Amino acid sequence: MIPNDQSVAPDSPSALDRTLRDLSEKRRGERSYYSGCFVSCGGTSQCVLKIHLKDDRVVRIEPDDRYNPNTGREDRVVSDHDLVQARIQRRACPMGWVWHKHLHDPNRILYPLLRRPGSQRGEVDFERITWDQAIDTIVEKMTEAREKFGPYSIMTPFMPNAYAERLFGFWGAGVDTWGFASCDSERLCTHLQVGRLGLENYGSSSAADMLFGSKLIVLWGFDPTTTHQGGGGHQFAWYVKMARERGTPVICIDPRYTMAAEVLADQWIPIKPGTDMAFILAVAYVLFDERLYDEDFVRRFVEPEGFEKWRRYITGTEDGVAKTPSWAQEICGIPAITIAEFARLYARSKPTWLYKHWAVSRKSRGENAVRGAATLQAMLGYFGVPGGMMPHFLGSWPMPSIMQPMGDTPTAYQVPKICRSHVWAQAVLLLDKVRNGEMSREQWRAMVGYRGDPELPIPEEFHPKILWWGGSPRAMASNHLVTGCDSIEDQIRALQRMDFVLSMHTAMTPTVRHADLILPALDPMWERPQIFRTENGGFSMITCGPGLVAPPGEVRPVEWVYTKIADRLGFGEQYNRYYTDDGHWDEDWERYQRDCYSACTEQLDFEAPSWEEFKGGKFIHLDEHRDKPHVGFTAEIVEGKPFQTKSGKFEVFAEYVADEERRGEYHRDHLGRPIEWLPNDWRDLSPLPIYQPSVRGLEDALGEQYPLMMITPKSRYRAHSTFWTVPWLRGDVYRHAVWLSVADAKKRGIVDGDVVRVFNDKGAIRLPAYVTSRLGPGVVAVRMGAWYSPDGGISPQVLLGENDSPRTPALATTLVEIEMAKEGS
């Protein structure tokens with residue numbers, strides 16, 4: 001009710017004037033800077049943030065306005081050439097807008113903390129100690145473990161830790177793990193199929209190439225409105241939207257009706273998770289049966305014997321089962337007519353930009369779908385040409401390397417890669433079976449994905465007593481209890497077997513709570529100058545965190561910690577040749593960053609900004625110096641250079657994996673390069689991309705007891721588990737729940753909002769149900785990254801863990817059952 005007086009309406013000029021005046025006064029004394037972003041979301045460093053500082057704190061963050069200022073719809077003012085050169089604002093995702101809330105968290109860990117005697121791991125019961133005491137304790141524990149239990153007594157969990165590996169290499173003791181990402185299957189298959197190494201030069205075509213060259217876009221398990229692996233913020237999604245507005249059809253293949261299906265796609269094809277390979281094979285069957293594939297491209301660029309093996313398998317000549325659309329329909333749930341019509345549209349839409357994202361391969365048998373999707377593109381000649389795509393990774397103009405070694409001295413001790421990092425806990429727990437004779441050396445190595453010298457006495461002399469932290473320069477990436485794809489309960493059991501657990505982080509995460517010694521981590525985004533480089537994502541940019549905020553308390557950089565430990569162990573100068581003394585650490589670090597920047601800019605074919613200009617926000621924008629979009633694999637397809645495979649062509653059939661005499665070895669290809677993502681024993685990985693039912697998938701016998709397949713998609717409001725505690729990204733904007741189809745909910749008497757129990761043989765979680773038609777019967781979804789608590793956990797990682805698949809994929813799915821939660825359950 002409006003009062004009957006002289007009050008001014010909120011929208012009157014005087015009220016507006018007062019508001020603007022108050023706002024101006026509030027912002028008095030602010031300084032603004034441009035910064036890259038280091039969220040580690042997959043589009044790392046693509047976003048540019050305009051940050052505002054006041055009293056040594058970041059008080060607000062605004063969008064990038066270096067291009068097209070005061071413009072909302074940039075596509076209305078930019079030219080096609082601007083889009084090719086990506087002369088657009090690098091707008092951030094929701095996490096970028098609230099990074100200062102994470103940075104200035106009132107609960108941030110500020111000092112070294114040592115567990116109090118008598119307290120239990122998982123309890124927050126620590127006492128503050130000095131850094132000298134912390135470093136002394138670490139060195140003492142390391143020395144004691146090596147003397148009592150040998151060189152294989154210190155290990156890292158998920159993720160692998162390159163800094164720790166270098167430290168262990170100088171010291172002569174310690175083991176690391178291998179593999180850490182959702183895209184490890186893609187990295188392996190890139191090496192096997194096209195001969196490119198999994199961590200360099202693997203990208204395909206860019207966003208601009210898709211926008212201007214593609215006749216059909218297929219988003220397969222890829223939601224660029226949520227997944228940040230598509231350039232800055234959701235920049236890639238915007239390019240897809242513009243392509244569709246210009247007439248390019250977009251098809252979304254996904255178990256869920258995602259935001260991409262709603263706002264970007266012309267058609268959603270729902271598929272049962274883990275059955276993508278059946279769909280791929282049926283599409284290939286139509287291409288063979290109707291002679292729709294590009295026979296000339298195949299003849300020139302595809303190794304013929306392997307291709308013939310695949311044709312014989314698909315047509316049923318080999319096993320008597322033709323992989324027809326009708327055959328696939330029974331497996332993947334897509335009508336045969338839809339599969340056949342998709343194949344025909346795909347074949348005549350020359351070229352098609354088909355991107356099978358990592359979500360498809362983050363499950364048992366994921367390597368098959370990776371190779372199968374790439375082979376479809378090879379059949380039609382859809383890579384190495386404008387508008388095409390090798391569906392392993394998004395591409396961009398080749399980026400110069402930036403991070404130079406802090407020391408040039410080689411290490412004598414080769415640190416063993418003890419296991420696939422996700423299953424570090426299994427590597428520990430299964431030692432009981434090795435010790436009592438239930439499991440052989442070979443069985444243990446196959447189970448955990450051992451990748452190293454076959455002659456080492458492992459697991460016989462593997463006695464893990466110290467658990468280091470994972471994550472290398474990103475100490476914040478070491479929350480492995482809720483980011484690793486393995487059972488949380490198994491991880492805790494493995495933790496309890498350690499004599500000493502060391503962690504470094506900014507926050508008291510579920511993992512940090514189980515440490516014996518906690519080291520307070522510096523935030524690498526704004527608390528020091530740091531170069532950031534895009535690794536993939538369809539765009540090419542090098543940015544910088546300018547180091548504007550004074551580190552609070554006694555937080556330290558992770559590099560400082562390793563340098564101090566190395567110094568106490570007697571090889572500090574070899575470990576870090578830049579280090580002079582603690583009083584000059586900041587100067588030493590900036591000198592190192594300057595050298596990295598200089599080495600980076602020497603690789604460019606254009607004049608780069610000076611170091612000071614770069615720190616000030618004048619970033620290196622490679623796209624801006626190119627007059628056409630990046631197209632991947634032109635060296636092989638256009639210039640005629642051979643692929644770096646043994647045959648010199650795209651290889652459908654992995655001859656190396658077919659050679660049983662190599663099983664158990666440390667693997668190198670025909671050029672002597674390590675095959676980084678292939679464990680010594682690849683278990684039942686097929687040399688040919690075939691259909692194999694997923695372990696703990698919809699066809700597994702375990703489904704009789706647990707009939708629902710749970711997938712664990714990423715959230716737009718978290719980078720893995722980071723930002724879970726930021727209130728601005730919870731509450732009204734995010735509802736943590738289990739997605740459940742209407743049919744499955746009705747069958748169990750569940751309605752939207754009910755608190756339910758999701759369980760299997762690994763554990764149980766309680767959370768609300770989101771009853772929806774956005775996914776089909778038999779499938780449920782819980783977004784990953786929720787923090788674990790033992791009194792009613794809501795993290796889906798509680799339910800993960802299986803030991804029967806090849807070890808390369810991140811196994812982020814499983815089977816579950818759901819029931820109404822009972823009091824105390």
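Select residues 216-220 and 250-253: these are strand 8 and strand 9, which run parallel and are joined by 4 bridges. Strands here are DSSP runs of E with at least two residues, and helices are runs of H or I with at least four, numbered from the N terminus. Two strands count as paired if DSSP finds at least two bridges between them. The model is predicted: local features need pLDDT of at least 70 and side-chain atom pairs pLDDT 80 or more, while totals for chains, interfaces and linings use all residues. Residues are numbered from 1 along each chain as its sequence is written, and side-chain values use heavy atoms, without hydrogens and water.

Within this pair, pick Val 218; its bridge partner in strand 9 is Ile 251.

Next, the cysteines. The whole structure contains 0 disulfides, a disulfide being a pair of cysteine sulfur atoms within 2.5 Å. Select Cys 37: the nearest cysteine sulfur belongs to Cys 47, 5.4 Å away. Cys 37 is buried, at 5% relative accessibility (buried means under 20% relative accessible area, exposed over 50%, partly exposed in between; 1.4 Å probe, protein chains only).

Finish at Cys 332. Its sulfur lies 15 Å from the closest cysteine sulfur, in Cys 252, which is too far for a bond. Cys 332 is also buried, with a relative accessible area of 1%.
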